[in-house]
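Hello,

Here is the structure I said I would pass on. My notes on its packing are below it.

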Amino acid sequence: MQYQAGDMLLSTIGTLFRGSVNDVLVCTDLNSPYRPKYLLLLLHDRACIRRLVSVFDEAAESFPQKESPYLVCFSDNELMGFVFPYREERLLSSYAPGQAVTPQLQEQLCISLTVECMASALPFPLLYLALKQGQVHLEKDGSVYIIPALDLAKLDPAMGESDCAYLCANQVLEILRLGGRRRLDSRELVEKKIANSSYNTFHELYYDIRVSSLPLSKPGFRARLRSFWDRHKDQLFRLLLVVCVVLVVLTVLFLLSQLIFGEIPFLRLFQDAFETIGTEDLTMT
């Protein structure tokens, strides 16, 4: 499918989600020689379109200093589309255990998540859905980003910062629990505040993590080794498999050579050439 969005002619190259009120598509701009990718939030339900437009309008009025989260919007018959910058998916829930291998890294990741939520241009109802639906992603350098690949069926314009801060605090707690049962002041503080429903803003959550976090230090040898293993275990397994196959093939060839020729020619490489000349062995007396 192709859609005209301003100066862009968007052509669908992938589908991330199809739902009852909207689809999430990956598109490329055919009008650009560089073929950049974009994320397209395509709505096909009138009631949902009205809710989302209302959410964007209210956010623009309440936070005029924030730039629009989408690049362009367009209508196509009964459809309405919102075009966002495209980024590859790298789910925080999948990559955090392999990257945040020390308490210090876990706390820094929590700070990055909270800061990203504070700085996000998404209106709170959309940010709430992003946190609820796990659309939080993690770069290799530890930075966090949010992708609006959302199912808008449960879009609630009433969701505000306190609702988002509560979800963010729970994700922070999940990250801090990656360290097992090790006692962390930050984890105990966040657990207590969540139990009392004390978080109304992201700034409160950020402050609690910041003041209770451990001082930064370089990860130890075991932590670095574990991180290396988590990042490269698939490649190491494939390498080990190839080595095993080669060894099996060589063993079979050596065995056949021994049975057919009575010797293994390869082993001649390890025999001293000056000790054997023709049929004479100079080591014999």
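This is a predicted model: local features need pLDDT of at least 70, side-chain atom pairs count only at pLDDT 80 or more; totals for chains, interfaces and linings use all residues.

Residues are numbered from 1 along each chain as its sequence is written, and side-chain values use heavy atoms, with hydrogens and water left out.

The largest nonpolar core has 54 residues. A nonpolar core here is a set of buried Ala, Val, Leu, Ile, Met, Phe, Trp, Tyr and Cys residues joined through side-chain atoms within 4.5 Å; buried means under 20% relative accessible area, exposed over 50%, and partly exposed in between (1.4 Å probe, protein chains only). Leu-127, Leu-152, Val-172 and Val-190 touch the most other members. Helix H5 (residues 161-176) gives the largest share of this core, 9 residues. Helices (H or I, at least four residues) and strands (E, at least two) are DSSP runs, numbered from the N terminus. Apart from this core lies another, of 11 residues, including Ala-5 and Phe-74.

Helix H1 covers residues 46-62. Its buried residues are Cys-48, Ile-49, Leu-52, Val-55, Phe-56 and Ala-59. Seen down the axis of H1, they fall within an arc of 125° (taken from the directions from the helix axis to the C-beta atoms), so they line one face of the helix. They pack against strand S4 (37-43), strand S6 (79-85) and helix H4 (124-132), where contact means heavy atoms within 4.5 Å. The face turned away from the buried side carries the exposed residues Arg-46, Arg-50 and Glu-61.

Regards

Key
The expected span of a helix is 1.5 Å times one less than its number of residues.
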